[in-house]
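Subject: Structure handover

Hi,

Here is the structure I promised. Please have it open while you read the notes below it.

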Amino acid sequence: MSALVSAGADKYASPLTVEDYCDVKVNSPSVIRDITPLQDGETYAAISDDHRSIDIYSYKTGKKTGVLFSIDGQKGDLKISEFDGYEISANGRKVLLWNNTKKIYRHSFTAEYYVYDRMRSTVKRVSSKGAQRAATISHDGRFVAYERDNNIFISSLDYGTDTQITKDGAKNKIINGSPDWSYEEEFGMVSSMRWSGDDNVLAFIRFDESVVPEYSFDNYRSYCDSEPLGDLYPEAYRYKYPLAGFSNSVVTVNAYDLDNRVIKKMDLPITASDYVPSIEFGGEDGNRLMVMVLNHDQNYLRLFNVNPLSTVGKQIYTESSDAWLSPAAYQMVDYGKNGFVIASEKSGYRHLYQYDYSGALRRQITKGEFNVTDYYGKDDATGVYYMQTTSLGAINRNVAMVDSKGVMKLLNKEEGTASAAFSSNHAYYVQTYSSSLQAPQYRIFNSKGVKLHDLELNEEYMLKYSSAPKMEFLKVKNAEGEEMNAYVIKPSGFDSSKKYPLLMYQYNGPDSQQVLNKWKMEGVYYLASQGYVVACVDGRGTGNRSRKWANCVYKQLGTLETRDQIAGANYFASLPYVDKKKVSCFGWSYGGYMTLMEMGASDSPFKAGVAMAPVTDWRFYDGIYTERYMLTPGQNKIGFDASSALAYTSGVKGRLLIMSGTSDDNVHFYNTLKYASKLNSEGKIFDMMAYAGFEHSLGMCNARVQLFRKILDFLNSNL
């Protein structure tokens, strides 16, 4: 052992604590923050470690070559003292910055926005009339569009004007420019505003949520809330949330002409129940407006090529499915100069296809029994496409290329998870790589896959976690004899001659994936360090295998997945180092739902279960997600009845702990209360824990440390 390694090992000789595993401020490895490729193709920008500047680095040398923006380099009367994020205008001359960020939902936030002029080193405020949301800078850096109070404004940086574009925005009625709750949560949309290539048109989606039922809950304040604790009456929080079977927002696509100052509605066959999951500009001059329209059952997609000035659109692409169309496929789309690349699962696996703007298929880019999991673009000079795939198995991710002749080559062949951030000319990329045994490593490669430089290897971080339990991968068969991907984490100081209690950890939602060869130091490792064998299986319905594997759960969520999770538990319980009398399960969100389904199953092997923020009946969850997999309760009453955890409470024999946040805007606390009420009516003894004022992920106040201490205490007491 070298002196350096020995010194590092000595530094972390003390046992790891619950904070080391569960506190994200403690267990987060070093990262390269917010990499943005610059126009020249030779450099990229990234936020500095002290978060006081955005630095410029050379791909070729890996060295810092300049500063894009610095807190200390500002000139003029207005200066900002911090920033939370940035966006560079397409011409590279302006930088949109924001601070004082305040979270709205999972992705959205309001903030104070500023524009930094790189030539003058000066900062201008986007608006002084209140916080803004979803701001986006024009290609030339002269305008910033944003939403405030459900209306769109355009700030002219040249003239210092702040013009209101829409006038009909109203809370819980009309939203212009930003998505409603459902679109943000289920389509990942943060902003619906897009600039045309010449910056003369701002396209946007208008959401009319007047017909959407209003949901409300009492928003109790937690002790760690930054707001005062003196509220004697709880605040009633109200927002539009369409449950399964209820109306969603009625959407229209509009375009604002900056020259004529006129808003036009695009002439598209969008019904009141259709969705518009995406709008983007593409084409040679960037002035083709590409609009996706998805039917209410989410099994029929249409793509329209629209002229935003004439409002006329032409349908150029369609796709349908016998089950659901996965957003992971149709949202993987890239609109180029002469055509577009889109992913489709019509072959049974997710692959890339090239079309021209008339809708003619030019080529299938990838094929085979694997999935494309990300698309990085095409080098127009060489005709080479770059992507991420599961070529080495569903649990791995590899960076790959397909040349102009259609030959595919992996640029990295290591098992694990590799992703790439390419330069603007696709000559270089920053690779992020990790595995279950390796924390994230950042390296620069050229387009042929030759390593040029190491940027961050997290060596000291790895020393700290050298004594942590390790994850091992294996295959486990379900009752039908089908192989499921699985992992096991054995306790620290594992002794094969001993018998350990078993904890089955799961999510198992449709198109999800829990068994992945990627670094993720989290609470289940803490539970393993405390003497538990932690195991996980990805049963039927999970993603990145075949569509047949995923689609079999269509219209019957929870049924096959429960059987597969129980089969996995029975397999691990049969191992010689597992005490088959001490078997438990734990899951969060969909995984919490699975816990309830498993605890109530007639053949449940679980003595104890922990359900965190569970859905308890799909009638209580949001429509876009639920109806994608189940249709509506009116269309599929039998399926909804069979998939309700409330239908199986009489079968609960083991000890159950249910935990939820009272201010969860995603899986409402009512799910937990309804289930607890059913258990109460049946005279069952169970445990319940509420996090006052907390949302779905329990990201506030380091609550996860206490959460996993509670889980350990509960399991120790009941196993």
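Is threonine 542 buried or exposed? Threonine 542 is buried, because its relative accessibility is 1%, and the cut-off for buried is under 20%. Bear in mind that this is a predicted model.

**Threonine 542**

Start with the location. Threonine 542 sits in a loop, between β39 (533-538) and α8 (547-551). Its side chain has two polar partners to look at. A polar atom of that side chain lies 2.7 Å from the backbone oxygen of glycine 539. The side chain of threonine 542 also makes a polar contact of 3.2 Å with the side chain of tryptophan 549. Leaving aside residues up to four places away in sequence, threonine 542 touches Asn508, Gly509, Asp511, Ser512, Trp549 and Ala550.

**Cysteines**

How many disulfides does the structure hold? One. Cysteine 224 is joined to cysteine 701, with S to S at 1.4 Å. The link is right-handed, with 75 degrees about the S-S bond. Both ends are in loops: cysteine 224 between β16 (214-219) and β17 (235-240), cysteine 701 between β43 (687-691) and α14 (703-718). The pair therefore ties together parts that are 477 residues apart in sequence.

Cysteine 224 is partly exposed, at 36% relative accessible area. Cysteine 701 is partly exposed too, at 39%.

A disulfide needs the sulfur atoms within 2.5 Å. Cysteine 536 is buried, at 0% relative accessibility.

Cysteine 552 has its closest cysteine sulfur in cysteine 536, 17 Å away, so a bond is ruled out by distance. Cysteine 552 is partly exposed, with a relative accessible area of 25%.

**Surface patch**

Last item. Tyr670, Leu673 and Met688 form a nonpolar patch on the surface. Together they have about 260 Å² of accessible area. Tyrosine 670 belongs to helix α13 (residues 669-681). Its relative accessible area is 38%, so tyrosine 670 counts as partly exposed.

Best wishes

Note on methods: Residues numbered from 1 in each chain as written. Predicted model: local features only at pLDDT ≥ 70, side-chain atom pairs only at ≥ 80, totals over all residues. Heavy atoms only, no water. Patch = residues over 30% accessible without salt bridge, like charges linked within 9 Å, V, L, I, M, F, W, Y side chains within 5 Å. Areas by Shrake-Rupley, 256 points an atom, 1.4 Å probe, with all protein chains shown as cover. Salt bridge = Lys/Arg side-chain N within 4 Å of Asp/Glu carboxyl O. Helix = DSSP H or I, 4+ residues; strand = E, 2+ residues; numbered from the N terminus. Buried < 20%, exposed > 50% of the residue type's maximum accessible area, 1.4 Å probe, protein only. Polar contact = N/O pair within 3.5 Å; in protein donor to acceptor, adjacent residues only side chain to side chain. Contact = heavy atoms within 4.5 Å.
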